[in-house]
Amino acid sequence: MHRVTIGMQVDIKRSNGRVHGAVITGVDKATQNVRVEWFEGGETKGKELEFATLLHYNQTLAVDNAAPAKAAPPPAIPAPSPHAHHKTYDSSKANFSSSVTRRADAVMSAAGDRVRDRQSIYDALKSPVDEVQAALPPVKVGNSSRVLKPISRPEALPNFEPDVDVTQILPPTAPTPVTSASSATNALFPSSRIPPPVVAVNSTMKSNCVNEVERLAARREERRQQQHAAKRLQEEHKAIDPGNPNWVYLSKIREYRATIDFRPLRLSDPVVDNRISVCVRKRPLSKTEIGRREVEVVTIPNKDHLVVHQLQSKVDLTKYLENQIFRFDYTFDENSNNEMIYRFTAQPLVKVIFDKGFATCFAYGQTGSGKTHTMGGNYTGKKQDYTKGIYYMTANDVFKMQQSPAYSSMHLSVVCSFFEIYGGKVFDLLNKRACLRILEDGNKSVRVVGLMEADVSTPDEVMQLIKKGNDHRTAGSTSANANSSRSHAIFQITLKNKKDEVHGKFSLIDLAGNERGADTTSADRQTRLEGADINKSLLALKECIRAMSMNKHHVPFRMSKLTLVLRDSFVNENARTCMIAMVSPGNSAVENTLNTLRYADRVKELGSDDCAKPMGDNEFRYDEDDENMDYSVDLNASQEDREYIRAAAKVSASKEAMSDALLAIYDRYKDLQKVIKQVEQDGVIDVDLERLALDSISLGNDFANCGLDLKNKGQQLLNAIKNENELNRRK
């Protein structure tokens, strides 16, 4: 490396295999690298080589720095054997060989440092070498005679292996025998002018270019393995539901649901007593949606939360799942039947009308979401079972309570009416769809003039009225439902005393399906007018609920016919309202589902007495502490006993977690005492103030983190205690 200097002319090998000269422009001894440049094609080019690579093509750099010895006189050629068949050197030819050698030395000396390209030196030596070749005597090898051929180019020296023992032509006083062609050549030419044989380069030493190529190859192989793994996972997801175009959507939702700790609503759960209750029901996928291979995008993790999944794309087109969480009083999954819906929605309101109150229960949602199925009854094909609807079940409980000892002495009678609001007009469904008028009497009570009220005494009579009214209800075809209800159907159960005065009223409303404007672009003019009138009445209904929840003196019930008919349900002090929001689970209806949930969430925010914020995703998922908790309970124990034992174990675990948080605070307090002691010693001894400040900052951060952790652990313990007390009270 010490022989390499800036400005030196060397040979390099290009990537295409061509060898040419270049000039050294930089030497880095620390990394054993050399920077070379050359002029080609009208521009200067350069590259960086390792010293071992440079040495491979420039063997003169490996020769020792010692001064070359003077060339020895040409050796005397021994006399040939009388029986030899080959010619030998004579003195004249030996003298000629010596002159050839001196000529080569002169040429090399004359070139010196002025000649940068050694190719010219090789060309200058070419002619004397040919003369030497002609002067060499034939050498006997076996039964043949061949002439020892010197090398015309130094580059060919490494590949030259003589066929004869060249020691025959060396003087007997040579220190070591000549065993290679390079030694024979050095005997003919000065050693300082001819490069030595090629030195074997260590195979483990690689250039930067080779290392970079290997690194790129390794990264390429790693990428291929990752792509292969991703493709294999993709095929596994496709195999779950072969041929489903929404398989990405389906796989991501299934991965999310696999981490959820599902705790659905049960019949044994307590009923919330709110003035305005908001519930959500998710229906199962229909046959049409299953045929279209749609994916359920609505998940109900527990009794009061609902999650809507939306498949979104990032800038790099990576798919991800966006989860929108809503919280209501109750959430019913697809496994809930109408009996469970009635248990938590309309049944608690039956007692209100016997206490001189006004109760309202209405089903809201997009068309085809299951409103008529919930209010009217289950469908079996085109036949509807009215005994499974909220209309019938409410009337049945009204008759039971009417005959109970607590209210039988009031001698209350039950009358029913069934009418619809379509296009801003009111039609009587029990009187051949007669058009009615809505007026106010002298007492500012809203009356539906001409409405037929039927006296009923049994649930079967109510079922006949429901069937008759549904047969006359207005229906139409929309983009979402071929048989969509296009009117608000109102079924009222009224209690009257002996004086024929209203004692209480229960209004059960099957609202028309709301629609987005974007879904009615292909509809006719009549359908668009119907949708506009429906949405207008729904907005008016929300404003009345807003005024009712805020106890305002003015309720804007005159904004639509629907709110005008329900005036008593908004202004009466003993009024209770329950809203059932119906949602479709398919991915094609996700926008309508979100609109329905936002409407219901707004009503919940306005009217609920306990408006709690929704939980986060992590709170739905399995907790490691819950999985590791000892739930060893007798398998024969009841469900309530098992829940109580789990709640008690949760309280114990939360107590231990809070104790650990308190111990962490105590440890920080010990560190605080040390810092206080250092502050007190300031002025007495030399205190490192910078170190003191850093310790104070670190201690303050630790106190803040420990305090927040203690707060969370305390809240968890409080919630566990409340849950345990609630279970204990129910027992």
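Val651 counts as buried because its relative accessibility is 15%, where buried means under 20% relative accessible area, exposed over 50% and partly exposed in between, with a 1.4 Å probe and protein chains only. This valine is found in helix H19, residues 639–680; helices here are DSSP runs of H or I with at least four residues, strands are runs of E with at least two, and both are numbered from the N terminus. Although Val651 and Ala720 lie 69 residues apart along the chain, their C-alpha atoms are separated by 5.2 Å. Leaving out residues up to four places away in sequence, Val651 touches Leu717, Ala720, Ile721 and Glu724, a contact being heavy atoms within 4.5 Å.

The model is predicted, with local features needing pLDDT of at least 70 and side-chain atom pairs pLDDT 80 or more, while totals for chains, interfaces and linings use all residues. Residues are numbered from 1 along each chain as its sequence is written, and side-chain values use heavy atoms, with hydrogens and water left out.

A step back gives the overall picture. The protein has 20 helices and 24 strands. Of its 731 residues, 39% are buried. Among contacts with a separation of 6 or more, 65% are between residues 24 or more positions apart. The protein exposes about 41,300 Å², of which carbon and sulfur atoms supply 51%; accessible areas come from the Shrake-Rupley method with a 1.4 Å probe, and for residues only the protein chains shown count as cover.

His503 sits in strand S23, residues 502–510. Its side chain reaches the backbone oxygen of Phe354 at 3.0 Å. Apart from neighbours within four places in sequence, the residues in contact with His503 include Phe354, Asp355, Met410 and Leu495.

Strand S2 (residues 19–28) and strand S3 (residues 33–40) run antiparallel and are joined by five bridges; two strands pair if DSSP finds at least two bridges between them. Asp28 stands opposite Asn33 in S3. The hairpin of S2 and S3 has four residues between the strands, and Gln32 takes a positive phi near 60° there. S3 also pairs with strand S4 (residues 43–50), in the antiparallel sense and over eight bridges. Here Glu37 stands opposite Gly46 in S4. Two residues lie between S3 and S4 in their hairpin, and Gly41 in the turn has a positive phi of about 60°.

S8 and strand S9 (residues 305–313) pair over two bridges, with Val298 opposite Val308 in S9.

After H13 comes Asn551, whose phi is positive, near 55°.

Terms used
A polar contact is a pair of N or O atoms within 3.5 Å; within protein, one must be able to donate a hydrogen and the other to accept it, and residues adjacent in sequence count only if both atoms are side-chain atoms.
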